[in-house]
Amino acid sequence: MLMEQVEQKKKLISTMRNKPWRMVKKLSVLREAQAFVEKFEGALGKGKGKKFYAYKMMMAKKWVKFKRDFDNFKTQCIPWEMKIKEVESHFGSSVASYFIFLRWMYGMNLVLFGLIFGLVIIPEVLMGMPYGSMPRKTVPRAEQATAMDFSVLWDFEGYIKYSALFYGYYNNQRTIGWLKYRLPMAYFMVGISVFGYSLMVVIRSMARNANESTADGDDDNFIFSWKMFTSWDYLIGNPETADNKFASITTSFKESIVDEQESNKDENIHLRRFLRVLANVLIICCLCGSGYLIYFVVKRSQTFSKMQNVGWYERNEVEIVMSLLGMFCPPLFETIAALENYHPRIGLKWQLGRIFALFLGNLYTFLLALMDDVNEKLAEEDVVKNVTHWTLLGHHNSSTGNSSTATPPPLDPADVPRGPCWETTVGIEFVRLTVSDILVTYITILVGDFIRACFVRFVNYCWCWDLEAGFPSYAEFDISGNVLGLIFNQGMIWMGSFYAPGLVGINVLRLLTSMYFQCWAVMSSNVPHERVFKASKSNNFYMGLLLLILFLSLLPVAYTIMSLPPSFDCGPFSGKKRMYEVIQETIELDFPLFVAKIFSYVANPGLIIPAILLMVLAIYYLNAVAEAYQRANAELKKKMQMQREEEKNKRNNKASTNPMLQDLEDLLTPSTKSESHPKQAEDEKRESPNRTSPAGKGGKAAAPDGSPMTAGRRAAFTLPPHVFVTQPPALGVRAPYPGQPRPRGHPPGPVPGRGRGPPCYSRAAQ
């Protein structure tokens, strides 16, 4: 008996949420049930097993509590989870998607930094030759006087240029240290692994997002009812959490209202098409003007590079112009896009595509300028290489004199002529561009958001118009500009990390500070968008742009590895004709002979081309299969929707059919009933002694089974079994129509003309 009571109390506790009780009653019953279970659950054991059973039940409860606390701990360990939830509750899921994307980028860059720092930088610093031991690790004599000036260090020259931050610092020794660590091979493989790992992570994230988007059901039905009755979390006990939840529910209602308005919008299609064409023409003109401006500035920078005593602006003109274009063009695009009047989610994708085209043109114009500079430095290296060779030969001859057995004194590394080291120059340009982009982003947030918000808030009391509702008002968070800024900054990191290994560390610091700085700026200086919209279930649009910029970033690096000769006096690949020769050298010297033959066969174009064709065919087949599955899924959804609507219509028709039949019976013509009334009375007198059915007790006449006239009438007017039939009113008394009141003055009763009388069963019901 006690065990049954305990089980009932446990079942009551588990189903307490479903009880239609008031919250006060739920809490009181829940406390009583929990107290009863805690008191008597341990007493269910018998004899010696009583204490063991109580201990087992206690440990089971402890284990459940531990799992719940551990799940909460794992949630708390997710970086910036509460910050992102707070932003989402006030600004919607679209703004929160940017910070989720930023957190994902931070995690990926942290892994890349671990690879480069652990496999390249640390081995060179610990086991390589120290600073000052060779020319590539020493500041030249002519630059030592100003090597520590702030202006020089700000341009990443001086001691920073000859540090482990850049490519030229690393030695070309095949093995270093007592571990015989193969640094050139590690440098090359880590550079390739950066792209390989990034590609794998991006594609995996896209696949996971696609699975999550297809696994969710169709939630387009009863949206507002679900949000109204199921949004609140009754386990919230913190007032701040309750405020965030309230703001989140309000924002979700705004998102759903915008979606509903857009789905029911009726507009002039011809005017809308004209405005959209006009907006695209204006944006194309802006893109062409931006490309021409970048081309003009790049040509000016090539002229300034040949001049002496160039100012700070002339040295950094390309970076400044690119940063200013990235700052002012996105708001201009957004202003022009107001003509199109797209759904906010679709408008965001158009805005992202246009800014992507802008940044892509700027980036590749910058790369073309760098390639021209690299070609000039390669031509200069041939001259410097001869000068260095003759300088070392002259020092050797002057030191030895006529004696060929004497050892020449060592030449100071600071006095050795050295080449321009085009790899380090490219790395410096990428670092400058990254740092300038960071500064412009932070200054824009500080001035354009924070100072603007302070001005609007404190000067609004003494201004001529309402600053909050009019100009300048509070700023909205620029989703498209920030997302594209992250993506193109990551593209520069991918391209520049091969020439500047420390660039990934700079990007990790940038992402870390951006999370805190932008979260603070959003919560303190921005307001939600006027048209709050819901982010896509799948975040694959951001990932698709990131995958495209990853592919475009791989092309320049692959070109330099396969086509350009490395510098002769700096970097881990100096002394080789091409950078990829380090792989051939490692295979020939460190692997058996048959491995070299296998690699030579694999590298044969006769095998590579068929393999590529097979991969293309496999991709085409899998894509066709995926499209077929998507179409089948869409058809199944349509069938399920149609079946659900059909069942709903059946229920509605069934619910409305029974009252209609009843009303039709009430409205039957009285003459039809009165013609059969005398005959029914005689039949009733004849059969009344033998009738024992409930219909006979009700007093209603029924014709005998053998009567042809009553059989015909019964065939015409017989109702289905178990249906109540009421007696029609007598002649001269009109029954009320449905929805009309009864005639006054006649109380209901069995007397004809005084009401309907009690219902009785027809003979068909017997």
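Thr-138 sits in the loop that links α5 (93–127) to α6 (150–154); helices here are DSSP runs of H or I with at least four residues, numbered from the N terminus. The model is a predicted one, where local features need pLDDT of at least 70, side-chain atom pairs count only at pLDDT 80 or more, and totals for chains, interfaces and linings use all residues. Residues are numbered from 1 along each chain as its sequence is written, and side-chain values use heavy atoms, with hydrogens and water left out.

With a relative accessible area of 7%, Thr-138 is buried (under 20%; exposed is over 50%, and partly exposed lies in between, with a 1.4 Å probe and protein chains only). Its side chain gets to the backbone oxygen of Met-134 at 2.8 Å. Leaving aside residues up to four places away in sequence, Thr-138 touches Tyr-131, Gly-132, Ser-133, Tyr-162, Pro-413, Ala-414 and Arg-418, contact being heavy atoms within 4.5 Å.

At the surface, a nonpolar patch is made up of Phe-150, Trp-154, Trp-312, Tyr-313, Leu-439, Ile-443, Leu-446, Val-447, Ile-451 and Trp-520, which together have about 1000 Å² of accessible area. Patch members have over 30% relative accessible area and no salt bridge, with nonpolar side chains (Val, Leu, Ile, Met, Phe, Trp, Tyr) joined within 5 Å and like charges within 9 Å; a salt bridge puts a side-chain nitrogen of Lys or Arg within 4 Å of a carboxyl oxygen of Asp or Glu. Areas come from the Shrake-Rupley method with a 1.4 Å probe, and for residues only the protein chains shown count as cover. Phe-150 belongs to helix α6 and counts as exposed, at 64% relative accessibility.

Note on methods: Helices (H or I, at least four residues) and strands (E, at least two) are DSSP runs, numbered from the N terminus. A polar contact is a pair of N or O atoms within 3.5 Å; within protein, one must be able to donate a hydrogen and the other to accept it, and residues adjacent in sequence count only if both atoms are side-chain atoms.
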